[in-house]
Amino acid sequence: MDANVLGNDVHSVNVLTVVASESYDSFAKGLQTELAEAVADRPVAVTAELFKGKVISDIHGNEQVVDGETAQAIYFDMVVNGYVDKKGALTDKYYADKANNAVKVAEEVADCADAILSIVDSIYDSRAMQPENARDKNVELHLDPEKLAMPEFKALWQRISPKSAYVVDFDTEELVEKSISSLDRNLRVSKIFFKVETGTMQEIKSRDMLLEGSAFSRSQSSTYDSSKRIRTNSSVKYDLIGKLVNETGLTRKAVVEILSGIEKAVFDQFKDNPEEFIIKAAGLINDEKATAIIQHITYNILDEHYDTDIFTEPTIKGKLGANTMKAQRHLYDHIVYDSTNERDFASELDTNIDVAVYVKLPDSFYISTPVGHYNPDWAIAFYEGTVKHIYFIAETKGSMSSMQLRQIEESKIHCAREHFKAISNGNVVYDVVDSYATLLNKVMK
């Protein structure tokens, strides 16, 4: 089951448990050796050549090819930021910043950060292949019944536990117009070419020649534009309208209006590469559809509530010093954090005398949105009289730059704002923060 069904629970449900007949160290080493052999063709070091010639795209889908100068700038910036060591290996700082969503990329490709990180993640790193040792989880979190019974937590829970349902009402004509504009501006389809290479086999003098591939030599290569041949000879028929209806969920009438409204030169690209045209057009239309849905979403409070069982039923474990620390004001006696940013944030919450009680919300506490389940990070109750906003729901991000927040993530955050407005009548503040200082700035206003 994938994230579309499970949301944040996807990693806790899809867990493969292996009980090895050997020691953990032997098993882990053997498994990594096998993985290394399986991914032997993957690069093992970060260099300028890793980026050169790669096609990257920004958040709007605009593509560009990384030239030599840009590739050098990307690599140099990673070295300066301490992400790459002298041997080209990724450093702990890179993985820490990545966990905190705070990786910096060169200014030349700042709007293509996700694409750059995808290239970097193609590097083979044995640390990423290390299987988890369940025995190392030496701490089991225990719920503190006194904190659960605190009037501050009861008041917080009463305000945030109601469930909600969303309703979407948007203008189809507006969606059609925006889809036409987006396709005209962003739809670029590559032509199909055939590359023909001719080679000859030399006299085979050894087995190594075959293993190395040196027994064959290429004599010539040529490239043919196949677009005319496809138009006249192909027997494949494409139901363009039907395919876009299936991919977007729009009516045939709406799809016809969109295709009729785009520029002729844009529509003519369909002849050059039908498959790519359908995929990219559907993606652009769905982006506009998602934006329209989010902008016109309304949440209505339901009679249903989350029960405090979500805190007592799951067994939460962690490794002390690695991803777990002791806590004083947390609902549990310890807290499991996902990143150094979360750890620092929790440390500040735990030592501030204005905080009555806080909890890192379990994955089973979520808000339904048109783009999947959304699980906020923190629920915080302050002592009355010390701050303006007593009850706060926080989402912690390493960077709050809108360029670095994915479109779906931004949509979920927008939905969360609407949800908490609906269920709390303004008594609960929801916001995105990157540090405790930012949180204080918001609650003190």
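**H10 and H17**

I looked up where helix H10 meets helix H17. On the H10 side I found Leu175, Lys178, Ser179, Ser182, Leu183 and Asn186. They meet Ala281, Leu284, Ile285, Glu288, Lys289, Ala292 and Gln295 in H17. Contact here means heavy atoms within 4.5 Å. The residues of this contact divide into six nonpolar, four polar and three charged. For those classes, Ala, Val, Leu, Ile, Met, Phe, Trp, Tyr, Cys and Pro are nonpolar, Asp, Glu, Lys and Arg are charged, and the others, Gly among them, are polar.

The model is predicted: local features need pLDDT of at least 70, side-chain atom pairs count only at pLDDT 80 or more, and totals for chains, interfaces and linings use all residues. Residues are numbered from 1 along each chain as its sequence is written, and side-chain values use heavy atoms, with hydrogens and water left out.

I then checked the geometry. The axes of H10 (residues 172–186) and H17 (residues 274–295) come within 9 Å and cross at roughly 140°. That makes H10 oblique to H17; oblique covers what is left after under 35 degrees (roughly parallel), over 145 (roughly antiparallel) and 65 to 115 (roughly perpendicular). Helices (H or I, at least four residues) and strands (E, at least two) are DSSP runs, numbered from the N terminus.

Next I went to Ser164, in strand E4 (residues 162–168). Ser164 is buried at 13% relative accessibility. Buried means under 20% relative accessible area, exposed over 50%, partly exposed in between (1.4 Å probe, protein chains only). The Ser164 side chain makes a polar contact with that of His419, at 2.6 Å. I count a polar contact as a pair of N or O atoms within 3.5 Å; within protein, one must be able to donate a hydrogen and the other to accept it, and residues adjacent in sequence count only if both atoms are side-chain atoms.

Leu302 lies in strand E7 (residues 297–305). Leu302 is partly exposed, at 31%. Leaving out residues up to four places away in sequence, Leu302 touches Lys163, Ser164 and Ala165.

**Helix H7**

Six of the eight residues of H7 (residues 113–120) are buried, so H7 is largely enclosed by the rest of the structure. The buried ones pack against H4 (48–51), E1 (55–57), H5 (68–80) and H6 (92–99).

**Asn425**

Last, I noted Asn425, in the loop between H20 (407–424) and E14 (428–433). Asn425 is not a glycine, yet its phi is positive, about 55°. Most residues other than glycine have a negative phi. Asn425 is exposed, with a relative accessible area of 68%.

Technical notes: Axes are lines fitted to C-alpha atoms, for helices over the stretch in contact, and angles run from 0 to 180 degrees between N-to-C directions.
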